[in-house]
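Dear colleague,

I am handing over the structure we spoke about, with notes on what was found in it. Please look it over before reading on.

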Amino acid sequence: MIDNFSDAQVVRKTVLAGEGGVVASQHKKAAAVGASVLAAGGDAVDAAVATSFALGVLEPWMSGAAAGGCMVLWRAAEGRAEVVNFGMRSPRELDPADYPLTPDGRSSDLFPWRCVVDDRNVQGATAVAVPGVVSGMGLAHARHGRKAWRELLAPAVRLAQEGMLVDWFSGLVTASTAQPLSLDPDAAAMFLDDGKWPIVGAWNGSAERHLDQRALARTLQQIADDGPRAFYEGEVARALVRDVRAKGGCLSEADLAAYEAEWVEPLAVPYRGGQVYAAPGLTGGPTFAQALQMLERELGDPGGTPDAHAYRAMARALDAAFRNRLSNMGDSESPKAPGCTTHFSVVDRDGNLCAVTQTLLSIFGSRVVSPSTGLLLNNGIMWFDPEPGKPNSLAPDKRCLANYCPVVGVGADGRRFALGASGGRKILGAVLQLSSYLMAHGMSLEDAFHQPRIDVSGGGQVVADRLLPREIIRALAEEMPTTTARRMVFPYAFACPAGVLREGTRNMGCTAIMSPWGDAVHEPAA
């Protein structure tokens, strides 16, 4: 592979351990919000709620109140894992006939479905599904929260009133989607200059610029004042539905009023004398469980740093699990899909853990903004196969099949961790490898996050980090077709993980080493 980038550059993130809690997030300001909640005596779930809403302001193209997702928790006092499922659903009034297929061609976005006329399942209000994040956060908070709901949303309200600070990285991300954003006047007004160019500050750093998120601030304030159900019933719900329907979508007030996140029993996957807990159902969890169980059989005695045998075992396990997923669960996302989700992990000083993944699906979701609420809207309808008669075919009032895979691990050595990632189908392999690095190879959190990874996510091929030793790449090539790629700032060739780990009474965290915004933040000292 020939490219323009330095072969000598080294990028690292330092992992520090302390007695206080830690939040690891794809945006350092959101992590700092959660860490401050921990310092004020909040539970890990309190920090998760505050971080979730802050991320919706600071990284709006990935998630927000109009997103869906999942949370896996570890409750230290009970020694028990729990899962909150807040995945999206299709609207009740959705009619598959409104998504006619073109005579030929495949979608150019995340999933290689047959093309729909005018990309109605990908972009615009016709792609919007029923969101779940606010309900999910409310459900977790009702059971485990110590702090007042209003107090937890206050930082996100302040951040939205200020508006997200733009920089070169936000400009780069926005530029990748500027053309489709320009098609919606409200999205263009929020993210683009003159309806065409990404909003950025002065390149020499002499002037700050912020997005105008005042409408979003008002929406968040209403949710803060009136509670989670304010998003699903009342003024916010009416305004959201009115905007979506004015732009051609079929979301209804009845859809929002009927939506409820749910507690579900986690999948408990034995591994190397410990357990990894994942979400069941239409998530990446069942595929992760299959791959991890196969890896345990294939790996044998792993020793220290993963060698060629270990990487081949990981490749075989992921390939087999994805073949089963693509055949039976209906997920056919392109392995070239960009990262379009956000993940954060939390550990508090009592040892409670949260692994939270939330997503709009595509980057910038449907590329449509609700002007009344200031919300960037999801495009969850794209999760469904538009061809009828398939395992995941488009239908009304149906749960979406997603790839997110947050996990909590309890190792035989007593260490506990919360992990997850963004990156579409790449998520599952990243979480599998990081879990195995920690539990089978005994690696530190810092070493695990810096250890080169592979991606095997369908199609019977491997994408290997170019930093892997040549003998490992040769061994992988003997297993299946193998190409190499760099870990880069943008776009991501591999998933973008965030994790925390508890060892004894000491906590630590780390995020994807190439993420310029991601960071692990410790709760401030009293």
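In which sense do strand S17 and strand S18 pair, and over how many bridges? Strand S17 (residues 454–455) and strand S18 (residues 462–465) pair in the antiparallel sense, over 2 bridges. Please keep in mind throughout that this is a predicted model.

The region around S18

Aspartate 455 is the residue that stands opposite valine 463 in S18. S17 and S18 form a hairpin, with 6 residues between them. In its turn, glycine 458 has a positive phi of about 110°.

S18 is also joined to strand S19 (residues 482–485), by 4 bridges, and these two strands run parallel. Alanine 464 has threonine 484 in S19 as its bridge partner.

The seven-stranded sheet

Elsewhere, 7 strands form an open sheet with antiparallel pairing, in the order S8-S3-S2-S12-S11-S1-S22. The edges are strand S8 (262–264) and strand S22 (519–522); each has a single partner strand, so one side of each is left without a neighbour in the sheet. On average, neighbouring strands of this sheet are turned by 15° against each other, direction ignored.

Asparagine 85 stands opposite glutamate 262 in S8.

Two helices that pack on the sheet should be noted. Helix H2 (residues 44–58) touches strand S1 (22–25), strand S2 (68–75), strand S11 (341–347) and strand S12 (353–359). The direction of H2 makes about 155° with that of S11. Helix H3 (residues 133–144) touches S2, S3, S8 and S12, and its direction makes about 150° with that of S3.

Strand S11

Is S11 enclosed or open to the outside? 7 of the 7 residues of S11 are buried, so the strand is largely enclosed by the rest of the structure. Both of its faces are covered. On one side Thr341, His343, Ser345 and Val347 are buried, and on the other Thr342, Phe344 and Val346 are buried.

S11 pairs with S1 in the antiparallel sense over 3 bridges, and alanine 24 stands opposite serine 345 in S11. With S12, S11 pairs in the antiparallel sense over 7 bridges. Valine 346 stands opposite cysteine 354 in S12. S11 and S12 form a hairpin with 5 residues between them, and glycine 351 in the turn has a positive phi of about 95°.

Aromatic residues

The structure holds 10 aromatic pairs. In one of them, tryptophan 168 and phenylalanine 169 have ring centres 5.9 Å apart and planes at 75°, so the pair is edge-to-face. Tryptophan 168 is partly exposed, at 47% relative accessibility, whereas phenylalanine 169 is buried, with a relative accessible area of 7%.

The rings of tryptophan 383 and tyrosine 404 have centres 6.5 Å apart and planes at 85°, so this pair is edge-to-face as well. Tryptophan 383 and tyrosine 404 are 21 residues apart, and each is in the loop between strand S14 (375–376) and strand S15 (407–410). Tryptophan 383 counts as buried at 4% relative accessibility, and tyrosine 404 counts as buried at 4%.

One aromatic cluster is formed by Trp61, Trp168, Phe169, Phe191, Phe364 and Trp517. Serine 170 is found in helix H5 (residues 168–175). The relative accessible area of serine 170 is 1%, which is under 20%, so serine 170 counts as buried.

Charges over rings

Two arginines have a place over an aromatic ring. The charged end of arginine 120 sits over the ring of tyrosine 99, 5.7 Å from its centre. Arginine 143 lies over the face of tryptophan 263, at 3.8 Å from the ring centre.

Regards

Note on methods
Residues numbered from 1 in each chain as written. Predicted model: local features only at pLDDT ≥ 70, side-chain atom pairs only at ≥ 80, totals over all residues. Heavy atoms only, no water. Pairing = 2+ DSSP bridges. Axes fitted to C-alpha atoms, helices over the stretch in contact; angles between N-to-C directions. Contact = heavy atoms within 4.5 Å. Buried < 20%, exposed > 50% of the residue type's maximum accessible area, 1.4 Å probe, protein only. Phe/Tyr/Trp six-rings, centres within 6.5 Å; stacked < 30°, edge-to-face > 60°. Lys NZ or Arg CZ within 6 Å of the ring centre and 35° of its normal.
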